[in-house]
Amino acid sequence: MKKTVIAAALVLCATLAAQAKDNGQIVKTGYSFGPLPAVSYDADKGFQYGGLLQLYNYGDGSSYPMYKSKWYFEISAYTKGSKVLNVMYDKVEIAPGIRFCANLKYMSDSAFDFCGFNGYGSNFDRTGGFYFPFGAAAHPEILLNGFSEDNLPYFNPFYKVKRNMLMTRADFIGEIAPGLHWMLGYHLTNFDMGTVDFASLNKGKKDAAKYVYDRTLLDYYTSWGIIPESEKNGGLYSCIRAGIEYDTRDKEGAPTRGIWADAHVNLAPKWLGSSSDSYRYSLTWRQYFPIIDNDKLTFTYRLNWEGTFGNSLPWYLMPYMTVIGVDNDVEGMGGSKTVRGITRGRIVGLDTGVYNAELRWRFFQKQMFNQNIALGLNLFSDGAMAFRGMDTSYNPINAEGLATKQLYDIVVKEGSDRPHITVGGGFRFIMNENFIIAVDYGIPVSRFYSDGNPLKGQDGTGGLYIGLGYLF
């Protein structure tokens, strides 16, 4: 996988809030804002640079550490080709007992991960990143052009696709009873997908350094009849989401006790404007156990199931953990927000399950610079599996599909998926229970398998992630 680099997170915070002491903590009132450089690192995206602003309104402080409303603005880019423009608004009580969350977000990825379907049902060969997956002999069509293993020394983004997303959403959460809420929202996303733009990747390169081959796994999946031609380049996703939530957390940003569970459906029929019919459901259970009080030591876990009604789903909708409320859909499965240490998008299927277990220890808590500051460490284990896979039968639609049957036999594996598990640890900087800088490093267990194990190396070698917030 990628080499990791330890980076320092730079924090600049200003506040317009008044303070009062309560149980040893500063109670924030009024407005508090944090203009920050958007500096982070993600093993799948590279280094992030740009700027963000978080604006909190704590009102009279009666609900602290919960805010009354929040704005979030971000303009940033990553060194591996991603760009983000994001505006989010969260009003805890827009009407009596009703919370409102809205978001407008644009994401551009010149090389988004696409590792195939069904987890270990797709043979994932990174081979250090400098040769064609599975060797030139597995790509007989390139040999016709006079190329061989000896003159193909440059990395080819075989497991990458182009992805541009424009998303807007409006979600409402209302109280049914203490801790129990209804959820209703509308999400509209335009997915612009396709083959990596090799012309852009080759721009400015000397001939000897240019990519000499412009076929990716997405192209092969299409020619083999696995992904319909009509879906290859994405489509419109117009979705109504509805569900229920049970939330007894003591606080949202860094909870230490309680339960947070939700169940919702995602209904995106063609008559609502979607390019394809799609119907999914999501079940998530999170629980927080205080082992030592006063936020000192907490054990937490999350269980998630993303399921599909029916036997098909547009491929560009699959690698997400869907949500209603403050957060955006979590892209995965694999990577910084789902299974830390495994390549983003490694586990894709019609029905997928994810678990996360984490031990969180705060070793320092103090009031400094008129802020509540805490430092923490965490140990974790993450895992995921595709419990029901997509149909990956060989049904070639053109001559290219027929000519590459040898590659199909290598890439597509028979049999069901197995658990993809990682272990790791991290560091947290926590300010006012809501602004949290996170550093995590995860390692896939498959990295330590014996050389004869066919799963060795299938999940990569590990990943470093520097960003914001706890995982859940």
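Strands E20 and E21 form a hairpin with three residues between them, and asparagine 432 in the turn has a positive phi of about 55 degrees. Helices (H or I, at least four residues) and strands (E, at least two) are DSSP runs, numbered from the N terminus. The structure is a predicted model, in which local features need pLDDT of at least 70 and side-chain atom pairs count only at pLDDT 80 or more, while totals for chains, interfaces and linings use all residues. Residues are numbered from 1 along each chain as its sequence is written, and side-chain values use heavy atoms, with hydrogens and water left out.

E20 and E21 run antiparallel and are joined by 10 bridges; two strands are taken to pair if DSSP finds at least two bridges between them. Within this pairing, threonine 422 stands opposite proline 444 of E21. E21 also pairs with strand E22 (residues 463-468), in the antiparallel sense and over six bridges. There, aspartate 440 has tyrosine 465 in E22 as its bridge partner. Eight of the 10 residues of E21 (residues 435-444) are buried, so this strand is largely enclosed by the rest of the structure. Buried denotes under 20% relative accessible area, exposed over 50%, and partly exposed the range in between (1.4 Å probe, protein chains only).

Arginine 428 belongs to E20 (residues 420-431) and is buried, with a relative accessible area of 1%. Its side chain reaches the backbone oxygen of valine 439 at 3.5 Å. A polar contact is a pair of N or O atoms within 3.5 Å; within protein, one must be able to donate a hydrogen and the other to accept it, and residues adjacent in sequence count only if both atoms are side-chain atoms. Arginine 428 and tyrosine 470 are 42 residues apart along the chain, and their C-alpha atoms are separated by 8.2 Å.

Glutamine 371 counts as buried, at 6% relative accessibility.

Serine 238, in strand E12 (residues 234-247), is likewise buried, at 1% relative accessibility. The side chain of serine 238 reaches the backbone oxygen of leucine 272 at 2.8 Å. Leaving aside neighbours within four places in sequence, serine 238 is in contact (heavy atoms within 4.5 Å) with Tyr186, His187, Leu188, Leu267, Ala268, Leu272, Gly273 and Ser274.
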